[in-house]
Amino acid sequence: MMGSGGPQKGNPMLSTTIGVNVRKRRLELSWSQERLAYESRLSVRTVSAIECGSANPTADVIEAIAWALGVPAAWLVG
């Protein structure tokens with residue numbers, strides 16, 4: 001599964017919220033971006049872009065990250 005890339009589309013506020021929540025949970029677990037990328041089967045570049053709010057992740061990507069972080073996908077977008 002590869003991540004999202006390319007220009008930002010959709011709701012930039014939602015992308016920012018997702019990024020903040022991903023980073024918060026990743027740090028709670030004391031994981032590096034590399035570890036999250038490995039656990040979610042995404043690239044480090046994708047994880048970084050999501051955390052920075054510069055990516056508009058697909059539902060599949062959100063699910064993969066949520067699963068890896070052990071949280072519901074709704075938590076990441078809320």
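This is a predicted model: local features need pLDDT of at least 70, side-chain atom pairs count only at pLDDT 80 or more; totals for chains, interfaces and linings use all residues.

**Salt bridges and backbone angles**

1. Arg 25 and Glu 28 form a salt bridge, with 3.3 Å between the closest N and O atoms. The term denotes a side-chain nitrogen of Lys or Arg within 4 Å of a carboxyl oxygen of Asp or Glu. Both residues belong to helix α1 (residues 12–28), and because they are 3 residues apart, about one helical turn separates them. Helices here are DSSP runs (H or I, at least four residues), numbered from the N terminus. Glu 28 is partly exposed, at 47% relative accessibility. As to the classes of exposure, buried means under 20% relative accessible area, exposed over 50%, and partly exposed in between (1.4 Å probe, protein chains only).

2. Residues are numbered from 1 along each chain as its sequence is written, and side-chain values use heavy atoms, with hydrogens and water left out.

3. How many salt bridges does the rule give? The count is 3. In general, side chains of opposite charge can pair when their charged atoms come close.

4. A further salt bridge joins Arg 26 and Glu 51, at 2.5 Å from N to O. This pair connects distant parts of the chain, since Arg 26 lies in helix α1 and Glu 51 in helix α3 (residues 44–52), 25 residues apart. Arg 26 and Glu 51 are both buried.

5. Within helix α2 (residues 33–40), Arg 35 and Glu 39 are 4 residues apart, about one turn of the helix. Their side chains meet in a salt bridge, with an N to O distance of 2.9 Å. Arg 35 is partly exposed at 39% relative accessibility, and Glu 39 is partly exposed with a relative accessible area of 24%.

6. Most residues other than glycine have a negative phi. Ser 30, which is not a glycine, has a positive phi of about 60 degrees. Ser 30 is located in the loop between α1 and α2 and counts as exposed, at 66% relative accessibility.

7. Where does Arg 41 lie? Arg 41 is found in the loop between α2 and α3. The phi of Arg 41 is positive, near 60 degrees, in a residue other than glycine. With 65% relative accessibility, Arg 41 counts as exposed.

Definitions and conventions:
Helices (H or I, at least four residues) and strands (E, at least two) are DSSP runs, numbered from the N terminus.
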